[in-house]
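Have the view open and follow along point by point.

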Amino acid sequence: MAEGTAAAWAWTREANTHDEEAGASTREQGLEGWGTYDDDDDDDDDDDDDEDNGNKGNNDGADGADAGDEEHNPHHSNSAHTSDAADTADATDTTTATQPSPPPPPPPCEVYISVNTDEGLAQASALAEAIEAREVRCVIGGRKVQQHRLSSTKSKDDLRDSKLAVIIATANYGGVDTTEGRRTRQELEFIFREDRAFYLIKTCDHFKAPRVDTWLTDELTRFLWTAPPPASYSEPDAAVDVPAGLVDDVLADMATMMKPGSDATGGGVGSVSDERRRKRENAERIKQQRAQQRSNHFNAVLRRSRCTAVAKKRIQQIFSGALAIVVDLHKQHLDDFACHALGIALQNNTSTKEIRMYCNDFTPNGVEALCRSLETNRALTMLSLASNNVGNRGAAALARLVETHRHLKELWLWNTAIGDEGAVALATASTKSRSLEKIELEGNRLSAKGITRVEAAAKQKIGKPVDVKL
């Protein structure tokens, strides 16, 4: 009888049992899965052991009675367990029915934006939002935009599957000094290697990586995007407006790519002479567009400045290249906007050699704007910012300029609120400069330990040491 009872339980519970005692075996199977062992209830379990032992005989008797009942009425046992199996199946069907279906896969990428997110994230985000508003799937590549709803977690796949790649080329695009620069370099190499369709947007005149200049030429440039000056340098504008016509031009380019007989740069297939003519016309168009945008940008920045009329006139003369070698701008109430405008004027200037700007009103923000613009200058040999609020942040910007500028020889920075950190940064940068000969740092906030560090750093230069006056 015990063997028959065990077989019945095994059939109803869909489990194989080999225990000799059918009652104990079925009880263990019946409890399985209904609960888990709780470590916190050890004491309660120990207290119940005695009671369990005391009732063991009674339980065994009850088990025997149950087995006898099942033996005399097997149909009752089978029907009960069949009902349990049906309830379990119904519960499984209910769980399956209520389980949410997986979300559908996103639509394929149509426009992929390749951008160095350390510099051009705001512009890329604004452009992506505008493209998505036209019901065109667009994603942004880069590790810093994973929280953006249009970000790409599979950049390589999206770039490969896209119909058009939009390159927002900032100064550090395609460089190898940063993670973002290396990522954009890989994307750029893939685009050229696979002859993919791309739309080039330039935000600068030159790139810090020389090889990128040879790839992303004006002949291939479709649009110049120069950010407008901020309303305040202490609180820059967060919002970026997409230039009028840019989205229409990008989508038109994508539509051209989808037509038979189109090439990777957006033009139809034609003769070699037609291609050369088209490139020359495009380069001339970009040159004129750049000159117009640069002029508009310069005028917009200078208009916001509160410097004297004399200073504005001299800065305008520098912009036109009509001013003398030495420009004196001391005590002209130059503010941060004036510094930015002066930097724009000096970008392509080749006649001005010395700028004297001591005793003015600008802050470290103005120094940073000036230094960013001076990165492309190839003529300036002396810069005086004495008796101004330069600080450690301004000194750090000057240190970056000193490392890359090939003609700057003298830097006058007395009474400029520079501390140990800024002075050491300048001294360290001077050892990497090919041209710098003198830095004047008298009257600054240097400690004895800071002076020692500056002197030690300045002596690290190979060849003629830099004269650092403290």
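This is a predicted model: local features need pLDDT of at least 70, side-chain atom pairs count only at pLDDT 80 or more; totals for chains, interfaces and linings use all residues.

1. A word on pairing before we start: two strands count as paired if DSSP finds at least two bridges between them. With that in hand, take strand β8 (residues 382-384) and strand β9 (residues 410-412): they run parallel and are joined by 3 bridges.

2. β8 and β9 sit in an open sheet of 6 strands, paired in parallel, with the order β6-β7-β8-β9-β10-β11. Which strands stand at the edges? They are β6 (326-328) and β11 (467-469); each has a single partner strand, so one side of each is left without a neighbour in the sheet. From one strand to the next, the twist averages 5°.

3. There is also an open sheet of 5 strands, again with parallel pairing, and here the order is β2-β1-β3-β4-β5. The edge places go to β2 (138-140) and β5 (221-224), and because each has a single partner strand, one side of each lacks a neighbour in the sheet. Neighbouring strands here are turned by 25° against each other on average, ignoring direction.

4. Inside that sheet, have a look at strand β3 (residues 164-169) and strand β4 (residues 198-202), which pair in the parallel sense over 5 bridges. Valine 166 has tyrosine 199 as its bridge partner in β4.

5. What packs on this sheet? Helix α6 (residues 117-132) does, touching β1 (111-115), β2, β3 and β4, and its direction makes about 165° with that of β1. Helix α8 (residues 179-193) lies across β1, β3 and β4, running at about 135° to β1.

6. On to the nonpolar cores. The largest has 53 residues, and the members touching the most others are Met357, Leu383, Leu385, Leu398 and Leu426. Several helices supply at least two residues each, including α11 (272-304), α15 (391-404) and α16 (420-430). The largest share, 8 residues, comes from α13.

7. Which residues does leucine 398 contact, leaving aside its neighbours within four places in sequence? They are Val367, Cys371, Leu383, Leu385, Val390, Leu411, Leu413 and Leu426.

Terms used:
Residues are numbered from 1 along each chain as its sequence is written. Side-chain values use heavy atoms; hydrogens and water are left out. Helices (H or I, at least four residues) and strands (E, at least two) are DSSP runs, numbered from the N terminus. Axes are lines fitted to C-alpha atoms, for helices over the stretch in contact, and angles run from 0 to 180 degrees between N-to-C directions. Contact means heavy atoms within 4.5 Å. A nonpolar core is a set of buried Ala, Val, Leu, Ile, Met, Phe, Trp, Tyr and Cys residues joined through side-chain atoms within 4.5 Å. Buried means under 20% relative accessible area, exposed over 50%, partly exposed in between (1.4 Å probe, protein chains only).
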